[in-house]
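Subject: A structure for you to look through

Hello,

Here is the structure I promised to pass on. Please open it beside this email and follow along as you read.

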Amino acid sequence: MMFDSDTKALYEQLQGTGLTRQKLNDLRVYLSYIGENASMYRPIPFEQLEYLLHYLLIECKIVPGNTKILDLGSGHGFPLAVFSAAGFHAYGVDDDEELVRESAREIKKKVSEIDGLALIHEPQIICADYYSEDFPDMSFKDGTTPKDMDVFFCYFYEESPWKKHEEVVLASLTYAKTGAIFLAEHYNFSEDLLREHGFSPIDPERSISYLKKC
Ligand SMILES: C[S@@+](CC[C@H](N)C(=O)[O-])C[C@H]1O[C@@H](n2cnc3c(N)ncnc32)[C@H](O)[C@@H]1O
């Protein structure tokens, strides 16, 4: 949960990017553009994404300009647009070809339509199955591979139709580099399993969904 002081600290930190609470919300609204599949592909709720940003920028003191973040299943691209507008080097992967094409186009269009907002680094999105064996070595346009990522982000809501066995997602993260942070919302990973894969909770008092590879 975010207190008013957290929200204030976050947007003060983001001041140079032009990203305000209102503009972040505008992005969420604009990027829910996929009509009939909107509920299936529904994006991460606004407050949760805001919380993750606060977590990365304020609590972990991460500098977005030095940070590569990968959205595993980037969908409509709402988180990608926000990460990019906040100055991160943002990367996305989704196995839905149409969604990859549309999200790349829409992110560019919508961000440019919001006054005072810019894509500091244009997000790069590839169409792939992130469970596949060759995924860790796949290159984005700038040569970056999933192995180079500093932060991984993955969001599924409770009733998502996609397979989401914790072992499979974790196996896909065995290639993460030392120090990588893994943000997974709505998972109930077992702590033992996470430790087996080299991840440990950043703050044991908190949800185990925020982890760092030691
Ligand atoms: C609930 S949406 C999340 C969208 C976005 N990350 C967000 O938070 O707004 C989950 C996305 O994961 C994608 N997805 C599911 N399984 C996948 C897989 N094995 N490889 C790549 N993408 C996958 C789906 O196509 C869908 O767009």
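Which residues point one way from β1, and which the other way? K68, L70 and L72 point one way, while I69 and D71 point the other way, and all are buried. Buried means that 20 or more other C-beta atoms lie within 10 Å of the residue's own; with 12 or fewer it is exposed, and in between it is partly exposed, the C-beta atoms being placed from the backbone. In a regular strand the side chains alternate between the two faces of the sheet.

Before going further, a word on what you are looking at. This is a predicted model: local features need a pLDDT of at least 70 and side-chain atom pairs count only at pLDDT 80 or more, whereas totals for chains, interfaces and linings use all residues. Residues are numbered from 1 along each chain as its sequence is written. The pLDDT is the predictor's confidence in each residue, from 0 to 100. The protein averages 86, and 88% of the residues score at least 70. Helix α6 (residues 166-172) has the lowest mean pLDDT among the elements, at 70, and strand β3 (residues 124-127) has the highest, at 98. Where pLDDT is low, the predicted coordinates should not be read in detail.

Now the overall plan. The protein has seven helices and seven strands. These elements are DSSP runs numbered from the N terminus: helices are H or I with at least four residues, strands are E with at least two. Of the 214 residues, 36% count as buried.

Back to the strands. Two strands pair if DSSP finds at least two bridges between them. β1 pairs with β2 in the parallel sense over five bridges, and L72 stands opposite V93 in β2. Between these two strands the chain passes through α4, and this β-α-β crossover is right-handed. Right-handed means that, with the strands pointing away from the viewer, the path from the first strand over the helix to the second runs clockwise. Three bridges also join β1 to strand β4 (residues 151-155), and these two run parallel; here I69 stands opposite V151.

β2 has six residues, and six of them are buried. H89, Y91 and V93 point one way from β2, with A90, G92 and D94 pointing the other way. β2 also pairs with β3, in the parallel sense, over four bridges, where V93 stands opposite I126. From β2 the chain crosses through helix α5 (residues 97-113) to β3, again as a right-handed β-α-β crossover.

Next, helix α3 (residues 46-59). At 1.5 Å a residue, its 14 residues should span 20 Å, and its end C-alpha atoms are 19 Å apart, which agrees. That expected span is 1.5 Å times one less than the number of residues. The buried residues of α3 include L49, L52, L53 and L56. K61 lies in the loop between α3 and β1, and its phi is near 55 degrees, a positive value in a residue other than glycine. K61 is exposed, with 8 other C-beta atoms within 10 Å.

Finally, the ligand. It is surrounded by 23 residues, the closest being P43, I44, G73, G75 and Y155; a residue counts as near if its C-beta atom, placed from the backbone, lies within 6 Å. α4 (78-85) and β2 (89-94) each supply at least two residues of this shell.

Enjoy exploring!
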